[in-house]
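This briefing is for a reader who is meeting the structure for the first time. Please look over the sequence and the model before going on to the notes.

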Amino acid sequence: MKHIVKIITLLVTICALWMGLLQMSFAPSSHTWLLPIYFTVLLGCYGLLMVGVGLMRLPTCPREAALLQQDISEAKGFLKQRGVDVGSDYEE
C-alpha cells in the first residue's frame, strides 16, 4: 500500500509541475509537451532498478535449500519405487 501512495503522489506532483510549466511558459512548449513521456520512461527505469535491487538482495536460506534437496530426493525415491523414470543423471 505504501508504494501505491508513493506512486500516486509522484504522479500528482508530476502532473502539477507539468501543468504549471504549460501555464508559465518558462520552458519551450516543444519540450514541455514531451515531459510526460520523459517521466514515464524515468518511472519505468526506476521500476527496473527496484526489481534489480530486489533480486540482488534476495536472501539465501541454506536451511531451506537443504530441506528442498531432501524433498527432491524423497520424491525421486518415491517415483523410482513406482517405476517412473525421473530422467535425471544427478544422484546424491
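The model is predicted. Its chain has 92 residues, of which 3% are buried. The secondary structure consists of four helices and zero strands.

**Whole chain**
- Read from the N terminus, the order of elements is α-α-α-α.
- The chain has an accessible surface of about 8200 Å². Carbon and sulfur atoms account for 70% of that surface.

**Annotated regions**
- An unreviewed UniProt entry lists residues 7-27 and residues 33-55 under "transmembrane region".
- In the model, residues 33-55 are 91% helix and 0% strand.

**Largest pocket**
- The volume of the largest pocket is about 290 Å³.
- Two elements, α1 (2-24) and α3, each give two or more residues to the lining of this pocket.
- Helix α3 gives the most to the lining, with six residues.
- By type, the lining residues divide into eight nonpolar, two polar and one charged.

**Leu-43**
- Leaving aside residues up to four places away in sequence, Leu-43 touches Leu-10 and Leu-11.
- Leu-43 and Leu-11 are separated by 32 residues in sequence, while their C-alpha atoms are 9.6 Å apart in space.
- Is Leu-43 buried, partly exposed or exposed? Its relative accessible area is 32%. Buried means under 20% and exposed means over 50%, so Leu-43 counts as partly exposed.

**Leu-79**
- Leu-79 is found in helix α4, made up of residues 62-81.
- The contacts of Leu-79 are with Val-84 and Val-86, when residues up to four places away in sequence are not counted.
- Leu-79 has a relative accessible area of 32%. This value lies between the cut-offs of 20% and 50%, so Leu-79 is partly exposed.

Key:
Residues are numbered from 1 along each chain as its sequence is written. This is a predicted model: local features need pLDDT of at least 70, side-chain atom pairs count only at pLDDT 80 or more; totals for chains, interfaces and linings use all residues. Side-chain values use heavy atoms; hydrogens and water are left out. UniProt positions are given in the numbering used here, feature names are shortened, and annotations may be inferred rather than shown by experiment. Buried means under 20% relative accessible area, exposed over 50%, partly exposed in between (1.4 Å probe, protein chains only). Contact means heavy atoms within 4.5 Å. On a 1 Å grid over the protein atoms alone, a cavity is a set of points where a 1.4 Å probe fits but cannot get out, and a pocket is an open set with protein on both sides within 12 Å along at least five of seven lines; lining residues have an atom within 4 Å of a point. Grid points are joined across faces, edges and corners, and a volume is the space filled by probe spheres set on the points. Ala, Val, Leu, Ile, Met, Phe, Trp, Tyr, Cys and Pro count as nonpolar, Asp, Glu, Lys and Arg as charged, and the others, Gly among them, as polar. Accessible areas come from the Shrake-Rupley method with a 1.4 Å probe; for residues, only the protein chains shown count as cover.
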